[in-house]
Amino acid sequence: MHDGDVALVAHGHLQRVLTARWLGLDATARRLFRHPGPGTLSALGIEHGRPVVSAWNVL
């Protein structure tokens, strides 16, 4: 990510685990995130130097 943005296409379960880890949570925290629907977009980002969920399950 030091050189730019990254795009990832993944199954919803993997996306939830990746999101939990991105936020510094244990992988089991994936249950806190609603399963993304087919064809939706989610975005992870950085705000004020901290990892955030910028968008989740957007059509």
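I'll start with Arg 16, which is buried, at a relative accessible area of 12%. Buried here means under 20%. Keep in mind that this is a predicted model.

Where does Arg 16 lie? In helix α1. Leaving aside residues up to four places away in sequence, Arg 16 touches Arg 30, Arg 31, Phe 33, Arg 34, His 35, Pro 36 and Trp 56. One of these, Phe 33, has its backbone oxygen 3.2 Å from a polar atom of the Arg 16 side chain. Another, Pro 36, is 20 residues away from Arg 16 in sequence, with a C-alpha to C-alpha distance of 8.2 Å.

Now the helix as a whole. Along with Arg 16, the buried residues of α1 are Gly 12, Gln 15, Thr 19 and Ala 20. Viewed down the axis of α1, these buried residues fall within an arc of 135°, so they line one face of the helix. What do they pack against? The partners are β1 and β2, the latter spanning 50-58. Just after α1 comes Gly 24, with a positive phi of about 85°.

The largest pocket in the model has a volume of about 560 Å³. Two elements give two or more residues to its lining: α1, residues 12-22, and β1, residues 41-47. The lining of this pocket has 23 residues, and those nearest the centre are Val 6, Leu 8, Ser 42, Ala 43 and Leu 44. How do the lining residues divide by type? There are 13 nonpolar, nine polar and one charged.

To recap the helix: α1 has its buried residues on one face, and they pack against β1 and β2.

Conventions. Residues numbered from 1 in each chain as written. Predicted model: local features only at pLDDT ≥ 70, side-chain atom pairs only at ≥ 80, totals over all residues. Heavy atoms only, no water. 1 Å grid on protein atoms, 1.4 Å probe; cavity = no way out; pocket = protein on both sides within 12 Å on 5 of 7 lines; lining within 4 Å. Points joined across faces, edges and corners; volume = space filled by probe spheres on them. Helix = DSSP H or I, 4+ residues; strand = E, 2+ residues; numbered from the N terminus. Nonpolar A, V, L, I, M, F, W, Y, C, P; charged D, E, K, R; others polar. Buried < 20%, exposed > 50% of the residue type's maximum accessible area, 1.4 Å probe, protein only. Arc of directions from axis to C-beta. Contact = heavy atoms within 4.5 Å. Polar contact = N/O pair within 3.5 Å; in protein donor to acceptor, adjacent residues only side chain to side chain.
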